[in-house]
Amino acid sequence: MMIDILIVEDEMPIRELLRMSLTGAGYRCICCDNGLKAADLLEGNTYDLILLDIMLPGMDGFELMEFIRLLDIPTIFITAKRDVSDKVKGLRMGAEDYIVKPFDIQELLARVEGVLRRHGKLDAQLSVGGLEINTESMQVSRAGEVIPLTHKEYEILLLFARNPGIVLYKTVIYERIWGGEYPEHTRTVELHVQRMKKKVGWEEKIKPVYAVGYRLEV
């Protein structure tokens with residue numbers, strides 16, 4: 001099932017960054033640069049998630065959120081408004097999250113995934129690069145044959161599977177899988193990625209990105 005995300009953002013560079021990154025992660029994106037236009041879209045369409053700026057022409061994000069709340073669509077505010085009072089207001093209005101610009105795109109993708117998972121909108125079964133991944137049983141198979149992975153290897157595999165075509169920085173992989181800051185001079189990420197891709201047959205699909213990380217090409 002394709003996930004539909006409505007991006008309501010009037011700054012074109014940010015809107016395009018969101019669209020390209022989310023499309024690369026396997027989501028279908030619909031973009032809008034005006035609060036009133038977004039309200040019109042919401043009247044005639046259904047979406048799985050909304051990424052919503054606050055300072056919008058036509059109707060601001062807080063006003064639009066009053067309408068969205070009636071539709072019960074999970075929403076993440078993405079805004080330059082840093083005041084704690086604005087964040088509290090947004091969350092009290094029913095937003096799932098509140099992300100302040102500028103943001104790290106990998107963190108945003110992780111938060112999007114977290115919201116979709118909480119609302120049961122991500123498929124339990126993924127088919128990526130010849131693999132079948134069941135996220136409920138945490139079982140990985142190829143052509144019906146189960147591939148044994150350690151817990152860390154499975155988590156790394158799922159991270160790549162959820163973000164095809166996206167450069168995953170080593171620092172991001174470490175922080176997502178192990179937690180904490182990326183330690184200098186460690187080869188933990190490299191060793192785990194190498195073992196995982198060999199086990200699942202992704203030696204040619206996971207490409208190194210010089211000095212920063214890896215990208216899954218499928």
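Let's start at Ile206: leaving out residues up to four places away in sequence, Ile206 touches Phe160, Val193, Met196, Lys197, Tyr214, Arg215 and Leu216. Keep in mind that this is a predicted model.

**The nonpolar cores**
- Ile206 belongs to the largest nonpolar core, which has 25 residues.
- Along with Leu131, Ile133, Leu157, Phe160, Ile173 and Trp202, Ile206 is among the residues that touch the most other members of that core.
- Two or more residues of this core come from each of β6 (125-128), β7 (131-134), α6 (151-162), α7 (170-177), α8 (188-200) and β12 (213-216).
- The largest share is from α6, which puts in 7 residues.
- There's also a second, separate core of 22 residues, and Ile14, Leu49, Ile76 and Ile166 are among them.
- As background, nonpolar side chains tend to be buried together in soluble globular proteins.

**How α6 meets α8**
- The axes of α6 and α8 sit 9 Å apart, and the two helices pack at an angle of about 80°.
- That angle makes α6 roughly perpendicular to α8.
- On the α6 side, the residues that meet α8 are Lys152, Glu153, Ile156, Leu157 and Phe160.
- Their counterparts in α8 are His192, Val193, Arg195, Met196, Lys199 and Val200.

**Strand β1, covered on both sides**
- All 5 of the 5 residues in β1 (residues 4-8) are buried, so the strand is largely enclosed by the rest of the structure.
- In a regular strand, side chains alternate between the two faces of the sheet.
- Here, one side of β1 has Asp4, Leu6 and Val8, the other has Ile5 and Ile7, and every one of these is buried.
- β1 runs parallel to β2 (residues 28-32), and 5 bridges join them.
- Within that pairing, Asp4 has Arg28 in β2 as its bridge partner.
- β1 also pairs with β3 (residues 49-52), again in the parallel sense, over 4 bridges.
- In this second pairing, Ile5 stands opposite Leu49.

- Asp48 is in the loop between α2 (35-44) and β3.
- Its relative accessibility is 13%, so Asp48 counts as buried.
- The Asp48 side chain reaches the backbone nitrogen of Asp4 at 2.8 Å.
- Setting aside neighbours within four places in sequence, Asp48 is in contact with Met2, Ile3, Asp4, Ile73, Pro74, Leu116 and Lys121.

Definitions and conventions: Residues are numbered from 1 along each chain as its sequence is written. This is a predicted model: local features need pLDDT of at least 70, side-chain atom pairs count only at pLDDT 80 or more; totals for chains, interfaces and linings use all residues. Side-chain values use heavy atoms; hydrogens and water are left out. Buried means under 20% relative accessible area, exposed over 50%, partly exposed in between (1.4 Å probe, protein chains only). Two strands pair if DSSP finds at least two bridges between them. A polar contact is a pair of N or O atoms within 3.5 Å; within protein, one must be able to donate a hydrogen and the other to accept it, and residues adjacent in sequence count only if both atoms are side-chain atoms. Contact means heavy atoms within 4.5 Å. A nonpolar core is a set of buried Ala, Val, Leu, Ile, Met, Phe, Trp, Tyr and Cys residues joined through side-chain atoms within 4.5 Å. Axes are lines fitted to C-alpha atoms, for helices over the stretch in contact, and angles run from 0 to 180 degrees between N-to-C directions. Angles under 35 degrees count as roughly parallel, over 145 as roughly antiparallel, 65 to 115 as roughly perpendicular and the rest as oblique.
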